Amino acid sequence: MAQKINEAHEHIAKAEKYLKTSLMKWKPDYDSAAAEYAKAAVAFKNARQLEQAKEAYLLEAEAHTNHRSLFHAAKAFEQAGMMLKDMQRLPEAVQYIEKASMMYVENGTPDTAAMALDRAGKLIEALDLAKAVDLYQQAAGVFENEERLRQAVELVGKASRLLVRQQKFEEAAVSLQKEKNMYKEIENYPTCFKKTIAQVLVHLHRGDYVAAEKSVRESYSIPGFSGSEDCVAMEQLLQGYDEQDEEQVSRVCTSPLLRYMDNDYAKLAISLPVPGGGKKKASASGDAGGVPLKEDEDEYAGGLC
């Protein structure tokens with residue numbers, strides 16, 4: 001370990017030498033300095049000196065920035081963020097990854113920027129749901145600007161689910177509408193049906209029956225929706241809700257169609273309050289129709305919806 005630390009300091013010294021100017025050397029050699037700082041960072045990392053590794057990566061990023069090598073500067077900022085992640089300093093880590101993403105965009109590599117923001121969202125999700133939503137929305141916006149709708153809509157979907165998890169139903173309704181419109185644009189109609197179900201559940205949790213009904217009504221124009229299992233279920237749910245028929249609402253909300261949705265939406269279904277009928281009771285195990293609800297799901301749990 002001591003050998004690696006000494007090696008790192010040697011690279012730092014070499015980098016500083018490359019940055020010095022003299023009568024015969026008018027400009028700093030930023031490119032060579034950056035390479036030495038990168039080697040120092042790796043040596044520090046191998047010696048588990050993560051704080052020093054982070055500082056070396058930041059020096060590398062600064063040298064690349066001065067050399068106008070924005071892509072390499074962004075990579076160095078990302079690496080600094082990874083060192084902070086390993087030190088469990090996640091908010092700081094995310095700040096550097098966001099900085100890297102802006103440099104990727106400036107460099108003309110927006111796909112790399114969006115993927116970096118997605119990674120940052122995953123990092124911070126367990127600690128700060130609101131920040132994760134912001135990062136996923138930023139990443140979606142980058143892909144959308146590049147007309148990469150398939151990639152963009154997946155990230156909008158992540159944001160929608162996290163908004164639901166926070167019970168920010170107004171924002172979730174807007175996000176779900178955006179998702180649905182994007183899936184319609186790329187002609188993924190079956191997923192539009194699932195987004196309609198999610199919309200209805202969110203609107204009913206908001207107590208907005210009119211908006212829920214509108215979500216279904218506007219989906220009649222989507223090829224294949226009218227008469228589909230999803231359509232019939234939502235018509236029955238809205239009818240039961242409007243008539244305060246707790247049994248009918250419960251039958252729809254505990255059906256396989258809803259309980260096998262993404263966990264966040266399945267939870268909305270089993271907890272849907274019925275006007276005048278109180279709240280439906282979930283089974284004793286607290287699951288949806290006998291299927292346990294997970295506290296934590298992986299990125300693709302529950303399929304697309």
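Student: Let's start with C253: is it buried or exposed?
Tutor: Keep in mind that this is a predicted model. C253 has a relative accessibility of 1%. The cut-off for buried is under 20%, so C253 counts as buried.

Student: And C192, is that buried or exposed?
Tutor: Use the cut-off of under 20% again. C192 has a relative accessible area of 0%, so C192 is buried.

Student: How many disulfides does the structure hold?
Tutor: For a disulfide, you'd look for two cysteine sulfur atoms within 2.5 Å. Counting such pairs here gives a total of 0.

Student: How many residues of α10 are buried?
Tutor: α10 is largely enclosed by the rest of the structure. That's because, out of its 17 residues, the number buried is 13.

Student: α10 and α12: are they roughly parallel or roughly antiparallel?
Tutor: Helix α12 is residues 229–242, and its axis comes within 10 Å of the α10 axis. The two axes cross at roughly 10°. Angles under 35 degrees count as roughly parallel, so α10 and α12 are roughly parallel.

Student: Which residues of α12 do the α10 residues meet?
Tutor: On the α10 side, look at F193, K194, I197, V200, L201 and L204. Across from them, in α12, they meet D230, M234, L237, L238 and Y241.

Note on methods. Residues numbered from 1 in each chain as written. Predicted model: local features only at pLDDT ≥ 70, side-chain atom pairs only at ≥ 80, totals over all residues. Heavy atoms only, no water. Buried < 20%, exposed > 50% of the residue type's maximum accessible area, 1.4 Å probe, protein only. Helix = DSSP H or I, 4+ residues; strand = E, 2+ residues; numbered from the N terminus. Axes fitted to C-alpha atoms, helices over the stretch in contact; angles between N-to-C directions. Parallel < 35°, antiparallel > 145°, perpendicular 65-115°, else oblique. Contact = heavy atoms within 4.5 Å.
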